[in-house]
Amino acid sequence: SCPATVDPLQSREEDSHFLSLEDVRAMMCTFAEERDWHKFHTPRNVLLTLVGEVGELSELFQWRGEVQPGLPEFSPEQRVRVGEELSDVLLNLVLLTDRCGVDFSQAVRDKLAKNAAKYPAPVVRGSSRKYTEYTMAELDRANAAVPQSGMTVSNSIPLELPQSSMQGTRSLALEEVRVLMHTFAEDRDWHKYHTPRNLLLALVGEVGELS
């Protein structure tokens, strides 16, 4: 439900340049409430809108082949369009979590912890293999390589990610989510696979699974 009073344009006293997932949810909720649009925002309708927005984002990359990080092949106007479509995707994703009653920040923390268990950094570093392709022998070798701390690959999950972000129940800032994803990928040497095209294809796949 919407907060009693929300001013979407009012900056917070601290870290006013960092929007949180809850900030975005409140903005979207207020925007819809002021227009009496909640009656249209069923989970199915919002999901279909999200699928459409991902399609519009994909259209900007169509027929370009591989695209380099930073989009040097795009004009300034095209980069603005990409930002707009990415924002539409994010806004509808946050709205969907609200309409489904999902605590987005906690879901992100839980998913990162789950992914860390499925893809322990000492095992998967530099590889793009799926977690089901790793053997128990590889996992055992990774556990043996963990520094002398009494921790194992499976129970040291939180230690590789920023503690201040992974602990607690407060709403994550969007910048925190970016840092968490960056750290997760860097620990596994996965940035080389994270081209804009590959990430867009992964996004399309995830939205397809959700659908």
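The largest pocket in this predicted model has a volume of about 2,800 Å³. Its lining consists of 49 residues, and those closest to the pocket centre are M181, L199, A202, L203 and E206. Two or more lining residues come from each of α2 (43-59), α3 (76-100), α4 (104-118), α8 (174-187) and α9 (196-210). The largest share, eleven residues, is that of α9. Sorted by class, the lining holds 33 nonpolar, nine polar and seven charged residues.

A pocket here is an open set of points on a 1 Å grid over the protein atoms alone, where a 1.4 Å probe fits and protein lies on both sides within 12 Å along at least five of seven lines; lining residues have an atom within 4 Å of a point. Grid points are joined across faces, edges and corners, and the volume is the space filled by probe spheres set on them. Helices are DSSP runs (H or I, at least four residues) numbered from the N terminus. Nonpolar means Ala, Val, Leu, Ile, Met, Phe, Trp, Tyr, Cys and Pro; charged means Asp, Glu, Lys and Arg; the others, Gly among them, are polar.

Residues are numbered from 1 along each chain as its sequence is written. Local features need pLDDT of at least 70 and side-chain atom pairs pLDDT 80 or more, totals for chains, interfaces and linings use all residues, and side-chain values use heavy atoms, with hydrogens and water left out.

Most residues other than glycine have a negative phi.

| Residue | Phi | Loop |
|---|---|---|
| D36 | about 55° | between α1 (21-34) and α2 |
| W63 | about 65° | between α2 and α3 |

D36 counts as partly exposed because its relative accessibility is 45%, whereas W63, at 79%, counts as exposed. The cut-offs are over 50% relative accessible area for exposed, under 20% for buried, and partly exposed in between (1.4 Å probe, protein chains only).

E66 is also in the loop between α2 and α3. Its relative accessibility is 35%, so E66 counts as partly exposed. E66 and P196 are 130 residues apart in sequence, but their C-alpha atoms are 7.9 Å apart in space. Leaving aside residues up to four places away in sequence, E66 touches E73, T195, R197 and N198, where contact means heavy atoms within 4.5 Å. The side chains of E66 and T195 are joined by a polar contact of 3.2 Å. Such a contact is a pair of N or O atoms within 3.5 Å, one able to donate a hydrogen and the other to accept it; residues adjacent in sequence count only if both atoms are side-chain atoms.
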